Amino acid sequence: MPKLRFGPAGIPLDYKGPIEGVPLFLKSIGLNAFEYEAVRGVRISEDKARRLGSEASIYDIAMSLHAPYFVNLASPDPNIFEKSIDRIVESMKAAEWMGALVVVIHSGYYKGYRSRGEAIRRVIDGYRLVLERLPGWVKKPMISPETMGKSSQVGSIEDTIEICRSIERCKPCIDWAHLYARSEGKHVLTVEDVVKTLELIERELGRKALDPVHTHFSKIKYGRGGEREHVVLSDKSHGPDWRIVCKAYIDHGYNAVVISESPILEKDAILMKKICEEEMKIKGLI
Ligand SMILES: [Zn+2]
């Protein structure tokens, strides 16, 4: 039976208190993953990050960290490129302190290049520099380029595979909502869509890149060019459907850490867990 973990992207909406209290809170509502959002900068002190990490380990909460949004490793501007590397290195350090195994990163934009290939090469150079500049004590966290929701962003499945094939310590963060929005609603419609994508990653990067599948999920609005905004799971007028992703994971035995990026964070994480439990019951797994 696959091991599926669920948790919110950021501090739960119903939680008030210091950050290191989040793991106990999550455990109390039946969740077991937490993505720390350093999206506006890595500001947490070493002391606090270590306390958060030790609480997460006591309550068996899988930690990940989302790097700052202000990263563009594809930027032709050397200043932005260097600052992006610094921010990712800072994120990797904080991740090590809090015991996070994955650092999720928005790689950047194609803008300024004649071809997609040129932009990807620049991004790969950036990630190689990150790894070169990491202090030796940062051992555990992996670089996790996220699949992105806009066609202007580096982050198709193919981009993400190419990046991870070229650097060590890399596994994709699969944001199914983004893939759905990027395709303007043409992908992530069936269990087969999801399985095909996972099998492609497995063929190119090996099963270890998917064990567990680091997953982002919500429903999403899209327009021309892709992503507009993330919406709640109960919104019937938008996709994608969580149940098909869950079925694909269960049918093919993929372990996953599922992070809810819905506007109602932990509440939709609980709903996603419930839907997967229903599917497991149907299959006679629980
Ligand atoms: Zn993200």
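The following exercises concern a predicted model and treat a helix, a sheet and a hairpin in turn.

**Exercise 1.** Determine which residues of helix 7 are buried and where they lie about the helix axis.

Solution. 
1. Helix 7 covers residues 191-205 and spans 21 Å from its first C-alpha to its last, close to the 21 Å expected.
2. A residue counts as buried if 20 or more other C-beta atoms lie within 10 Å of its own. In helix 7, Asp193, Val194, Thr197, Leu198 and Ile201 are buried.
3. Viewed down the axis, these buried residues fall within an arc of 125°, so they line one face of helix 7.
4. Helix 5 (157-166) and helix 8 (242-251) are what these buried residues pack against.
5. On the face turned away from the buried side are the exposed residues Glu192 and Arg203.

**Exercise 2.** State the strand order of the open sheet and identify its edge strands.

Solution. 
1. Four strands form the sheet in the order 1-12-9-8, with parallel pairing.
2. Strand 1 (4-8) and strand 8 (173-175) each pair on one side only and are the edge strands.
3. Strand 8 is joined to strand 9 (residues 213-217) by three bridges. Aspartate 175 stands opposite histidine 216 in strand 9.
4. Helix 9 (residues 265-282) packs on the sheet, touching strand 1, strand 9 and strand 12 (256-260).

**Exercise 3.** Describe how strand 10 and strand 11 are connected.

Solution. 
1. Strand 10 (residues 219-223) and strand 11 (residues 226-231) run antiparallel and are joined by five bridges.
2. Glycine 223 has glycine 226 as its bridge partner in strand 11.
3. The two strands form a hairpin with two residues between them, and glycine 225 in the turn has a positive phi of about 90°.

Methods: Residues are numbered from 1 along each chain as its sequence is written. This is a predicted model: local features need pLDDT of at least 70, side-chain atom pairs count only at pLDDT 80 or more; totals for chains, interfaces and linings use all residues. The expected span of a helix is 1.5 Å times one less than its number of residues. A residue is buried if 20 or more other C-beta atoms lie within 10 Å of its own, exposed if 12 or fewer, and partly exposed in between; C-beta atoms are placed from the backbone. The arc is that of the directions from the helix axis to the C-beta atoms. Two residues are in contact if their C-beta atoms, placed from the backbone, lie within 7 Å. Two strands pair if DSSP finds at least two bridges between them. Axes are lines fitted to C-alpha atoms, for helices over the stretch in contact, and angles run from 0 to 180 degrees between N-to-C directions.
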